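Here is a short note on the ligand site and the pockets, as requested. Please read it with the coordinates open.

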Amino acid sequence: MLKVEGLNAWYGQAQALFDVSLSVGEGELVVIQGLNGAGKSTLLQSLIGIGTQAQGRITWQNEPIQTWPAHRRARAGLGFVAEDRRLFTGLSVKENLWIAAPSVSSAQVTPAQRFDRVMALFPQLQTMLHRPASQMSGGEQQMLALARTLMTGPRLLLLDEPCEGIAPVLVAAMRDALLQLAREGVAMLVAEQNNILAQHAQRVLVLTSGRMDSAA
Ligand code: ATP
């Protein structure tokens, strides 16, 4: 489904990723671990096509996508949730969700059906639909950021520390929602340091100083 071969990434002159290769199969949950600064965020951002200068081969459903801009990768089914969430903080929960809904329905699922699905997955959000995102807790914002990405109907989620720095009760809700999505066949590549999803992953990869430790 996703195949990455020989990926290198730079910030200016400084190289952050060195010859990284990995793959994520249909419906697979793959976790990337590594210390602060190991390159986890850089890897995810390279895959969605933001933030860094990257070179290498990225194949998504048998198509080379490394020259595609981020919005084209997103439209092709890659969903990215950044560590800093990047919500529209002045907009309500509902507005944040609808702004991400494609204007044209896909053949199978309408935006209204996606909205209902997201509400079922995150009932916590249902009770705060009209609240500005700025007035939510960190964990609630993290759920909203994931929910917003789900409104685009991704086939592969790229998640940067989805359970980091949020209240334990919301960690459990987030983990359960992600595992539910995985059971429904949404593939995931998750960067995390806290071992919440790693214990459920098909594979755990380790990045050390921009290099992949284990065979991917
Ligand atoms: P963390 O868990 O702390 O977010 P990480 O594993 O995600 O760490 P990255 O954020 O990808 O690591 O950082 C990899 C390397 O790239 C580090 O040396 C970092 O200092 C550098 N780096 C990251 N973002 C930038 C940037 N915008 N400009 C310059 N260097 C950067």
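1. The model is predicted. The ligand has 13 residues around it, and those that come nearest are Gly37, Gly39, Lys40, Ser41 and Thr42. Helix α1 (residues 40-48) supplies the largest share of this shell, with 3 residues.

2. An N or O atom in the side chain of threonine 42 is 2.5 Å from a ligand oxygen. The side chain of glutamine 193 places an N or O atom 3.5 Å from an oxygen of the ligand. Of the 630 Å² that the ligand exposes when taken alone, the protein buries 56%.

3. By residue class, the shell around the ligand holds 6 polar, 4 nonpolar and 3 charged residues.

4. The largest pocket has a volume of about 450 Å³. It is lined by 19 residues, and Ala74, Phe80, Arg148, Thr149 and Thr152 are the closest to its centre. Two or more lining residues come from each of α2 (70-75), β6 (78-81) and α6 (138-150), and β6 gives the most, with 4. The lining divides into 12 nonpolar, 4 polar and 3 charged residues.

5. The second largest pocket holds about 370 Å³ of space. Among its 16 lining residues, Arg114, Leu150, Gly153, Pro154 and Val186 are the closest to the centre. Helix α4 (residues 111-121) contributes the largest share of this lining, 5 residues. The lining of the second largest pocket comprises 7 nonpolar, 5 polar and 4 charged residues.

Definitions and conventions:
Residues are numbered from 1 along each chain as its sequence is written. This is a predicted model: local features need pLDDT of at least 70, side-chain atom pairs count only at pLDDT 80 or more; totals for chains, interfaces and linings use all residues. Side-chain values use heavy atoms; hydrogens and water are left out. A residue is near a molecule or strand if one of its heavy atoms lies within 4 Å of it. A polar contact is a pair of N or O atoms within 3.5 Å; within protein, one must be able to donate a hydrogen and the other to accept it, and residues adjacent in sequence count only if both atoms are side-chain atoms. Accessible areas come from the Shrake-Rupley method with a 1.4 Å probe; for residues, only the protein chains shown count as cover. Ala, Val, Leu, Ile, Met, Phe, Trp, Tyr, Cys and Pro count as nonpolar, Asp, Glu, Lys and Arg as charged, and the others, Gly among them, as polar. On a 1 Å grid over the protein atoms alone, a cavity is a set of points where a 1.4 Å probe fits but cannot get out, and a pocket is an open set with protein on both sides within 12 Å along at least five of seven lines; lining residues have an atom within 4 Å of a point. Grid points are joined across faces, edges and corners, and a volume is the space filled by probe spheres set on the points.
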